[in-house]
Amino acid sequence: MSGTAKVWVVWNGQAASTGGAAAKAEGHSMESKRQVTVESSPLQGEAYSSLPRDGAGLNGAGLNGHRPQVLDQDRFHDASERILGSINKVIDGKADAAKLALTVLLAQGHLLLEDVPGVGKTLLAKTLARTVDCTVSRIQFTPDLLPSDVTGVSIYNQSSRQFEFRPGAVFANIVIGDEINRASAKTQSALLECMEEHQVTVDGHSYQLGLPFMVVATQNPIEMEGTYPLPEAQRDRFMARISMGYPDKEAEIEMLETHQATSPLAQVTPVVTASDVAAMIATVQQVHVSTAIKEYTVAIGRATRDSARLRLGASPRSLLQLLRAAKATAALDGRDFVLPDDVVDVAESVLAHRIILDRKAASSGDTPQSVLRGILASLPVAQDPPGAWRRDRHAV
Amino acid sequence: MTTTSHRNSPASNPAGGTPGRKQPTAPSRLRTAGPGPYPWVMAGSISVAVLGSGLSLNGVLRGWAWFMPLITTVLVVSLTLAALRALRAQPLLATLGSFVSLAAVLTFTFCRQDSLAGFIPTTGTFTAVGRLIKRAAETVVSESAPVAPNAGIVFVVCACLGLLVILIDALAVPLSMPAASGIGILAVMVVPATIKPQSVGLAGFLGAAVGYLLILGCSHWFAPDARLQSGAGRGAGQFRRSMVTGGLALALTMVVPLAIPGFETGTFPEGSRLSPWGTSNGLNPMITLGNSLRSPTGSGRITYATSSSAPLYLRSVTIDHFDGETWAPDDRTAQRRAGADRIETGYAVQGEVVNAVTSVSAGQFTSPYLPAPFAPASVNGLNGRWTWDPDTLSIMSTETTTRAQRYVVFSAAPKVTAAALAQATAPPRSISDDFLRVPGNLPDIVRQTADSVTAPAGNNNYAKALAIQKYLRSGAFTYSLQAPVQNGYDGNGLSVLADFLTVKSGYCVHFSSAMAVMARAEGIPSRIAVGYAPGRLTGESVALVGQGSFPEYEVDARDAHAWPELYFEGLGWVPFEPTPSRGVVPDYATESSVAGNLSTNTDEKETLTTPAPVATAPVPIPEVGTPAAGSPGVNPLPAIAAAAAGVLLLVAFLCSPRLSRIALRRRRLSVKPRDDTDDLPPGFKDPAPELAWAELQDLASDYGVPSTSSETPRHFSSRLRSSAALGESGGLDDAAHQAVASLTADFERQRYARLAVAARAAAPRIAVVRESLRNNARWLVRFRADWLPPSMMRRWARALGAPFRAVGALGKAVGWGAVRGWRSLSGVLPQRR
């Protein structure tokens, strides 16, 4: 860990920069004159300095070079319960979606919420962002949104006679990309680097993004008017895709009762700090993955690639993300090791949006979900089937 | 029948419109072409199949003369069917027409005189058919294969195979079950398989197989369904499947007989022929004699001790009735007399009489005829009612058998010397003319041989008999039990005789009947005696009442023998021995005795009377057949031991699933979890939870909740807990639920966690789960789990299937390799285009 690492992370309201070289700067408002709107409380001005490309501060590093503390089980459970409880207070009847969103956050992935308008995609994203005490920016994607609006731009400062970097909307802990498939492909792909490498490169300078960093994108189904489908490469960068679905009857009635007068978001207060989240992430990273689980994960990936009903199987990156999501699931379940059940739980959400059906399978009514379910139902969990003699070999 | 036929047989579509609609590929062509060659090809295939399987009947029926009418019948019936199909007759009509044609062709072939216009059956035809069937039944009952192809038998064969053609056709065409037509073909082959010692034979098998394949191929090729699917149906997968199936069947056929021991005893030992009367108590002893001689172990052991100074021939029955087809015993029930304690010959004997007393123990030998030395004067000690025939002196009973009889025979044979025989030139007076009867259709070769052989002997009957015997015992003839079977003349009819004189190889039945017939042809009364050649000394001695102690002899089925007896006026019936290397040639019948050597080898040591005619050299009888000396059933210990071992094996077999299941459980649960985790090597995993988990899975699958390989331990555990097998949680079975949960947790931790934490011992928890499963299961499930645990059965099935899977995988790999090699080769080769 380089001592010169200068990671600037700004939390809502208070600076939590602990790095020695941290310096507070004037706040730059992220309010765009055009389409970019940053809804959260304005960022306290801080200068984003370019970062040496040694990757410090990201991998395994917590906040500002300090390894975040690993939480014990009780505290982890406590924190996760607080987050989930807070979300569930706002969004009725979507506990699964909430849990998956938290899973993705803890697994350091990005979340794609896909559904028809008006089922609470943005609400879920916002609630998750507000529950955690961290910076949030929201980008409303429109066809004329420019890449520089997302990443930031260097502006010539006449007083100091040099270029200054004005960070874009992506410089936040949680970035809500609303209706991401309405933007042009160029702008969509501007997110690619940020999402995968947690850094922004403008004019040859790379700027490190904060931790935690999570993009929560929402999109309408591609049949909707004025949408550009996300390219496969970008879809592959989202760890999981959730379809919200309509709430059930009771939840909908309750929603009508409680949310008439006030916005539910108004009551949401942060329940955990960003450092808590970082510690939780570190805890998730400590979850043990046995060889059997790795074999099982790889077997799933190979099965999708070998399947006759799929044109495109799961990529190695998707398997990596599958395993990370499984680790987060295990941690949320209060375990320090991954079970096959964890992998199975998240497999559909993690893999379904990456695989592409064969034309024949698509025309016969298969969905990626159903194909995945079929693969999981036929794939042996343990490599030696039950009833084989092999298992008893070391008994004697 | 009619409803299904429209779909599958173009021949049965009256208008050809239906196939047109069902085959959009070529409707116009079919409509104009009609059924095309299909009926004719199918008829040809069926004919080939039936005639091919009929080939195997050679050996059941003698020669090939019967095959011509068979060909006629089969061809007429199948061509009728084909013609009716080609004319688009209704399927039912076609079948009816075939019946009519079968009746016509049978009438034409067999009952032409009794019918109208040669082929239309009348009432007279039916009586003729009745006669034929009766004749066939008699042949079946009284003869052994190969039987002479008389009209009755050939009629039955033709009728059966004609019906078979109709049956196969009905199965293959209107019912569209061509594969089932194999049943009919098998039905034909069952007959030779059970009757002929060499079973079906290559020709019959090949013929039947080729015909069957033709039927299958024909229906596959012409059936409209198959033509519709021709793109997909005849793909590489199908070929591979059929190759794998065929290869597997072939491999099984070659492997399984190696594993199954041949059965040499019992009702049907290997190579035995079906005889409804058992092996040694036949209605016609001539028929069963060959079987007895061929039997690998000598059964029906008889022991006897005699005061006669030489080993005796034991005589069961005489065969004197020769109707031209076969020799058969003539029971003459009318003139049989009751009471065997006093037996008188029906003819006068001059000169000395040799008396002997013989004690016989029949043991397991079972026959209605009593074996006794010739000529019995009285038999004592018999159980049951026995009768005797004054003409033949055969003693038989209609209500009991020889089984377990012990009796003493006083016999008095006339002292026969060569000189006396030479002088006995008087024509026979005191016996029936039956013994001289020769059928009119005696083959020329028999009469010619008899004449040429006896020509030098002049007019003396004795010299003639000696000449015939000398001829048969000459080096030109060989003794063989197998030659008659292989050459298809194993029997005793006239044509058999002709074959025997041509091939010059056979066994006692052939030699004795040859001599008997030739003697009759030369005017000497003759008959055949069936019984036992002198046997072997057992080494023990038996005391006869009032006679002292005599050595004991034994004979069994392998000593079964037949020899001719010729009648000489004044001396009575005199036995001869024409069979080379068997039995003992009597003194008077040796060549030297003709020269006037009147002295017999008298041995007056302890005989009570004048000496009997003894053999020139009482050498041990050369054994024929296998050298299995010990007769089974004498020593009961091995049988008891074998039975006990069999029972033990059976019990062990029945118990083995349960026992191995228990052993497996013990072994799994005996592994104790490690308590001290400190001194363990890194990466060590305690096997105990895994074994306990395997046991839990097997336990669940025994009680009807099998695990699948694609479910996670947690999922399996929750499925088990929610199933009815474990009862309800929170109730009586709560302990079991908790045990399952903790076993699952242990296993998950052991398998997936970083450190295997020392677990509690699994045995008590497994016991709790098992108890709960047992209590909630019905008795049938409990019984199955105890005695045929499904988990164990699955293991064994896997183990048994392993070689086949390996073969399959190997075949697949080889096949793929070949395909790949061919592809790369065809890529390298220059393309024609």
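Predicted model: local features only at pLDDT ≥ 70, side-chain atom pairs only at ≥ 80, totals over all residues.

Reader: Are α24(B) and α25(B) parallel, perpendicular or oblique to each other?

Author: The axes of α24(B) and of α25(B), a helix of residues 763–776 in chain B, come within 8 Å and cross at roughly 135°. Angles over 145 degrees would count as roughly antiparallel and those from 65 to 115 as roughly perpendicular, while the rest, apart from the roughly parallel ones under 35 degrees, count as oblique. The relation of α24(B) to α25(B) is therefore oblique.

Reader: How many charged residues are in the contact of α24(B) with α25(B)?

Author: On the side of α24(B), the contact is made by B:Ala735, B:Ala736, B:Ala739, B:Val740, B:Ser742 and B:Leu743, and on the side of α25(B) by B:Arg765, B:Val768, B:Val769 and B:Ser772. Sorted by class, these residues of the contact comprise seven nonpolar and two polar ones, and the number of charged residues is one.

Reader: How do α5(B) and α8(B) lie relative to each other, roughly parallel or roughly antiparallel?

Author: Helix α5 of chain B covers residues 67–86 and helix α8 of chain B covers residues 151–172, and the two pack with their axes 9 Å apart, at an angle of about 25°. Angles under 35 degrees count as roughly parallel. The angle therefore makes the relation of α5(B) to α8(B) roughly parallel.

Reader: Which class do eleven residues of the contact of α5(B) with α8(B) belong to?

Author: The crossing of these two helices, α5(B) and α8(B), is right-handed. Among the residues that make the contact are B:Leu70, B:Val74 and B:Val77 of α5(B), together with B:Val154, B:Leu161 and B:Asp169 of α8(B). When the residues of this contact are divided by class, three are polar, one is charged and eleven are nonpolar.

Reader: Which strands stand at the edges of the open sheet in chain B, and why is one side of each left without a neighbour?

Author: The open sheet is formed by three strands of chain B in the order β7-β11-β12, with antiparallel pairing. Each edge strand has a single partner strand, so one side of it has no neighbour in the sheet, and the strands in that position are β7 (337–338) and β12 (395–396) of chain B.

Reader: Which residue of β11(B) stands opposite B:Ala338?

Author: Strand β11 of chain B, residues 387–388, runs antiparallel to β7(B), and two bridges join them. In this pairing, the residue that stands opposite B:Ala338 is B:Thr387.

Reader: Which residue takes a positive phi in the hairpin of β19(B) and β20(B)?

Author: Strands β19 (residues 560–568) and β20 (residues 572–575) of chain B pair in the antiparallel sense over four bridges, and B:Glu565 stands opposite B:Pro575 in β20(B). The hairpin has three residues between the strands, and the residue with a positive phi, near 95°, is B:Gly570.

Reader: Which element gives the most to the side of chain B that touches chain A?

Author: Between the two chains, 24 residues of chain B are in contact with 24 residues of chain A. The elements that give two or more residues to this side of chain B are α21, α22, α23, α24 and α27 of chain B. By class, this side has six nonpolar, seven polar and eleven charged residues. The element that gives the most, with five residues, is α22(B).

Notes: Residues numbered from 1 in each chain as written. Chains lettered and ligands numbered in written order. Pairing = 2+ DSSP bridges. Contact = placed C-beta atoms within 7 Å. Nonpolar A, V, L, I, M, F, W, Y, C, P; charged D, E, K, R; others polar. Axes fitted to C-alpha atoms, helices over the stretch in contact; angles between N-to-C directions. Left-handed = near helix turned anticlockwise from the far one by under 90°.
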